[in-house]
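I set out below the entries from my notebook on this structure. Each entry records what I looked up.

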Amino acid sequence: MSRGLDNAAVRSEYIIAAPMAAAMGAEVCGIDLGRLDDHPHADACFAEIEAALYRHGLLVFRDQSLDHASQEAFTLRFGEHGVDAYTEGIAGHPNVQPVIREPGPLRSAFFGLGWHTDSPFLPEPPAISMLRSVEVPPFGGDTMYANSRLALDSLSAGMKQLLTGLRGLYGRSHIARAVDITKANPDAPFDVAPVEADLIGAMSHPLVRTHPVTGERALYVDATYTVGIEGLTRAEAKPILEFLLRHVTQPLFQSRLRWAPNTLAIWDNRLVLHQAFDDFESPRREMYRTTVLGEVPV
């Protein structure tokens, strides 16, 4: 199933979706998610939100009245809470993960830095991620997104055939190693290049996965966690992965989110990649993330 460069909004009754870029993303207005359950047509409204997410890959809601509890409740409309690989949540709300950047100089190790899909090293990676802003800098700290479905669509028939059946290897031991080095020496370069040992115990998933709802196929590869290709040596896998990583993150496939307080962003990890920027020194950046449990990629 392929629809190419088509990010136009579909007519809806309860929400208005304004496309953010030609490739992907839409800002949605006309709904307060914190009061969705009070909407006279709450279920129909949510169905439109869900359909819009699968169409655009990323939805952005401004001026929302969400708190921890209502963010958790809204997340559950999509499915069971996903497991977070990095935090245990906050007190009283274990499924809400803090993503906080205190004021200070630019740093080489920063949560969310580098193109990635959330936690592909898990057996069932998160299907959907939500990030809610509380406090953000007046400029900087944007998040970039890339449409991995569109990236696959644009490949040649020969490259698609080459990728069919290949399975990527996804790990995070090199990330943990680099973070430990940076903590010990903040001035050290943040080198996250995998080594041969990182292939041991890495999770195997298809390099091209099929969306369980829409049937669309998308590249499942990123610069942060993809450490190899199953059955190939590192030397054999390297040129394939380097090409795919350059391809999927080219500007043609991107959309950019500039944050403001009380913004909620929702993205489908099965269709898009994302990365954050550490390009600000102050003030504080305070956000909270929830995830929806995914399925075993196929």
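I began at the end of helix 1, where glycine 57 follows the helix with a positive phi near 80 degrees. Helices (H or I, at least four residues) and strands (E, at least two) are taken here as DSSP runs, numbered from the N terminus.

I noted the basis of the entries: the model is predicted, so local features need pLDDT of at least 70 and side-chain atom pairs count only at pLDDT 80 or more, while totals for chains, interfaces and linings use all residues. Residues are numbered from 1 along each chain as its sequence is written, and side-chain values use heavy atoms, with hydrogens and water left out.

I then checked the length of helix 1. Its 15 residues (residues 42–56) should span 21 Å at 1.5 Å a residue, and the end C-alpha atoms are 21 Å apart, which agrees. The expected span is 1.5 Å times one less than the number of residues.

Next I looked up which residues of helix 1 are buried. They are Ala42, Cys45, Phe46, Glu48, Ile49, Ala52, Leu53, Tyr54 and His56. Buried means under 20% relative accessible area, exposed over 50%, and partly exposed in between (1.4 Å probe, protein chains only). Their cover includes strand 1 (16–19), strand 2 (26–29), strand 3 (58–61), helix 2 (68–76), strand 5 (128–135) and strand 13 (264–268).

I also examined alanine 44, which is found in helix 1. Alanine 44 counts as partly exposed, because its relative accessibility is 34%. The C-alpha atom of alanine 44 is separated by 8.0 Å from that of tyrosine 14, 30 residues apart along the chain.

Strand 7 (residues 167–170) and strand 11 run antiparallel and are joined by three bridges; two strands pair if DSSP finds at least two bridges between them. Tyrosine 170 has threonine 226 in strand 11 as its bridge partner.

Last, I recorded the whole protein. Its secondary structure comes to six helices and 15 strands. Of its 298 residues, 50% are buried. Among contacts (heavy atoms within 4.5 Å) with a separation of 6 or more, 83% are between residues 24 or more positions apart.
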